[in-house]
Amino acid sequence: MEIKNVTKLFNDKVIFKDFSVSIPENKITFIMGESGSGKTTLLKMICGLDKQFEGEILLSSNKLSCVFQEPRLFPTLTAKENIELVEKGGDLSSEDVLKLVELDRDSHLYPNELSGGMKMRLSIARALYYNGDIFVLDEPFSALDEELKDRILNNIFDALKDKTVIIVSHNPDEAQKYADNLIKL
């Protein structure tokens with residue numbers, strides 16, 4: 001993936017000026033930086049949700065699995081139904097991805113019955129079920145307690161091997177442990 005000469009303004013504030021970076025295929029790239037440095041904006045541009053910029057973003061595939069800072073779940077669907085709402089893109093069943101994020105016993109619950117961390121895990125499970133070629137994750141683990149995070153991160157990253165993964169994080173320990181590539185903004 002190539003980001004070439006991107007310039008992005010937000011209300012006359014320069015977010016990026018002639019910004020270029022290569023993101024390696026089939027590797028885990030962490031994007032880190034201070035609040036307001038443009039991390040989430042960059043992800044939105046990669047996902048095609050923000051097209052108001054100059055320059056180019058060249059993707060190897062248009063099949064993206066995205067997890068945003070806030071879970072985007074349908075309140076009238078159960079956890080399992082929220083996963084199966086998207087097209088299945090790989091070998092993992094909805095039960096498999098729920099187990100990966102330790103929600104297999106909660107598949108019958110509705111979003112209003114889930115904690116914030118459970119909602120984020122459900123969003124991650126849905127992205128795994130869709131199985132995009134590129135995974136774009138915006139602070140996906142920030143709502144998880146440390147003990148739970150330690151248990152499920154290896155499962156998640158194992159499921160993402162051989163994928164291009166881009167993660168925004170404020171956690172240098174996660175980046176040190178899992179990143180193949182680091183971009184500091």
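This is a predicted model: local features need pLDDT of at least 70, side-chain atom pairs count only at pLDDT 80 or more; totals for chains, interfaces and linings use all residues.
## The parallel sheet

Five strands make up an open sheet with parallel pairing, and their order across the sheet is S5-S6-S7-S3-S8. At its edges stand strand S5 (64-67) and strand S8 (181-184), each of which pairs on one side only. On average, and with direction ignored, neighbouring strands of this sheet are turned by 15° against each other.

Within this sheet, strand S6 (residues 134-138) is paired with strand S7 (residues 164-168) in the parallel sense, over five bridges. Ile 134 has Thr 164 of S7 opposite to it. Helix H1 (residues 39-47) packs on the sheet, where it touches strand S3 (28-32) as well as S5, S6 and S7, and its direction makes about 150° with that of S6.

## The antiparallel sheet

A further open sheet consists of three strands in the order S2-S1-S4, and here the pairing is antiparallel. Strand S2 (13-22) and strand S4 (54-58) stand at the edges with a single partner strand each, so one side of each has no neighbour in the sheet.

Strand S1 (residues 2-10) and S2 run antiparallel and are joined by six bridges; Ile 3, for instance, has Val 21 in S2 as its bridge partner.

## Cys 47 in helix H1

Cys 47 belongs to helix H1. When its neighbours within four places in sequence are left aside, Cys 47 is in contact with Leu 64, Cys 66 and Val 136. By contrast, the C-alpha atoms of Cys 47 and Ala 143, which are 96 residues apart along the chain, are separated by 22 Å.

## Salt bridges

The structure holds eight salt bridges. One of them joins Lys 8 to Asp 50, with the closest N and O atoms 2.9 Å apart; this pair links distant parts of the chain, since Lys 8 is in strand S1 and Asp 50 is in the loop between H1 and S4, 42 residues apart. Lys 8 is buried, with a relative accessible area of 6%, and Asp 50, at 15% relative accessibility, also counts as buried.

Lys 149 takes part in a salt bridge with Glu 146, in which the closest N and O atoms are 3.2 Å apart. Because Glu 146 and Lys 149 are three residues apart in helix H5, about one helical turn separates them. Glu 146 is partly exposed, with a relative accessible area of 48%, whereas Lys 149 counts as buried at 5% relative accessibility. Lys 149 also forms a salt bridge with Glu 174, the closest N and O atoms being 2.9 Å apart; this pair links distant parts of the chain, with Glu 174 in helix H6 (residues 172-178) and Lys 149 in helix H5, 25 residues apart. Both Glu 174 and Lys 149 are buried. Elsewhere, a network of salt bridges links Glu 102, Glu 147 and Arg 151.

## A buried lysine without a salt bridge

Lys 163 lies in the loop between helix H5 (146-159) and S7. Lys 163 is buried yet has no salt bridge, and the nearest side chain of opposite charge, that of Asp 133, is 4.3 Å away, while a salt bridge would require the nitrogen and a carboxyl oxygen to be within 4 Å. Apart from its neighbours within four places in sequence, Lys 163 is in contact with Asn 26, Lys 27, Asn 131, Gly 132, Asp 133 and Phe 135.

Conventions: Residues are numbered from 1 along each chain as its sequence is written. Side-chain values use heavy atoms; hydrogens and water are left out. Two strands pair if DSSP finds at least two bridges between them. Helices (H or I, at least four residues) and strands (E, at least two) are DSSP runs, numbered from the N terminus. Axes are lines fitted to C-alpha atoms, for helices over the stretch in contact, and angles run from 0 to 180 degrees between N-to-C directions. Contact means heavy atoms within 4.5 Å. Buried means under 20% relative accessible area, exposed over 50%, partly exposed in between (1.4 Å probe, protein chains only). Lys and Arg count as positive and Asp and Glu as negative; His and the chain ends are not counted.
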